[in-house]
Amino acid sequence: VKRLYIVGTGPGAAEHLSPAARVALESCTDLVGYGLYTDLLGDISTGKNLHTSPLGQETERARLALELAASGRCVGLVSSGDAGIYAMATLVFELLDREAKAAWQCVEITLVPGITAAQAAASRVGAPLAHDFCAISLSDLLTPWETIEKRLTAAAEADFVLALYNPISSKRRWQLPRALQILSQHRAPQTPVVIARNVTRADESILVTSLAEVDAENVDMLSVVLIGNRETRCVGPWVYTPRGYAAKEPQH
Ligand SMILES: C[S@@+](CC[C@H](N)C(=O)[O-])C[C@H]1O[C@@H](n2cnc3c(N)ncnc32)[C@H](O)[C@@H]1O
């Protein structure tokens, strides 16, 4: 069969790759992905044809994966975290939609979920995502900043816990401070903020701070930033968002 697995490899360390992802990748003849992610796969990639490309060539990577699969290879297209979250999966469907090449129609596509950065980050500090939350990417490379700002404002007003992906990069410095400014208009200064960098990778660092004290200098493109809602609080080193059980318990 002509097969394409679109696989989320989890946030980093191999032990966070799901058994289903491992089985899928082991059955592949070819792996397509950004170099850093295929490196993190370790022994799974041994003996396979590796097609790595630099960041920023996502469409070409998706096209290559489809072409290889259509030519009869068993292909694994890998993304870190979950491949459906700010990652490669959607590019495959966009190509199928826009170009509808006959050769691609007979490729069997299977997606395998992975642990996304926000979940991995949350697990390091407690249960910050325990109530309604949303993910917003601060990258304005593909989305106009106006749209991002509207979503930030709406999420802040509606009291969602936020997970900010792509919070900062060497070329995008002002977006995170601006996002924090918007959040501060709707949330208390002591609202917990978590800066989780390289979660489950060798140089992981986790910083729990607050909306008033957060320093964008501690954040880079390998970080995800979690911002609590109006209920989110700390207990010792932990951060959690209550679901409301305390209010339901009988009063003593
Ligand atoms: C293009 S997005 C890819 C997201 C990925 N598909 C996922 O589900 O986690 C890249 C962003 O994900 C976040 N990220 C990915 N892996 C991470 C990790 N191990 N630790 C912290 N943040 C991570 C960062 O915000 C980074 O800028």
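Reply: A backbone N or O atom of Asn166 lies 3.1 Å from an oxygen atom of the ligand, which is a polar contact (a pair of N or O atoms within 3.5 Å). This is a predicted model, in which local features need pLDDT of at least 70, side-chain atom pairs count only at pLDDT 80 or more, and totals for chains, interfaces and linings use all residues. Residues are numbered from 1 along each chain as its sequence is written, and side-chain values use heavy atoms, with hydrogens and water left out.

Me: How far is the ligand oxygen from the polar backbone atom of Ser223?

Reply: That distance is 2.6 Å. At Thr116, an N or O atom of the side chain is 2.7 Å from an oxygen atom of the ligand.

Me: How much of the ligand does the protein bury?

Reply: The protein buries 90% of the 570 Å² that the ligand exposes when taken alone, by the Shrake-Rupley method with a 1.4 Å probe.

Me: How many residues surround the ligand?

Reply: There are 20 (a heavy atom within 4 Å), and the closest are Asp82, Ile85, Thr116, Met221 and Ser223.

Methods
A polar contact is a pair of N or O atoms within 3.5 Å; within protein, one must be able to donate a hydrogen and the other to accept it, and residues adjacent in sequence count only if both atoms are side-chain atoms.
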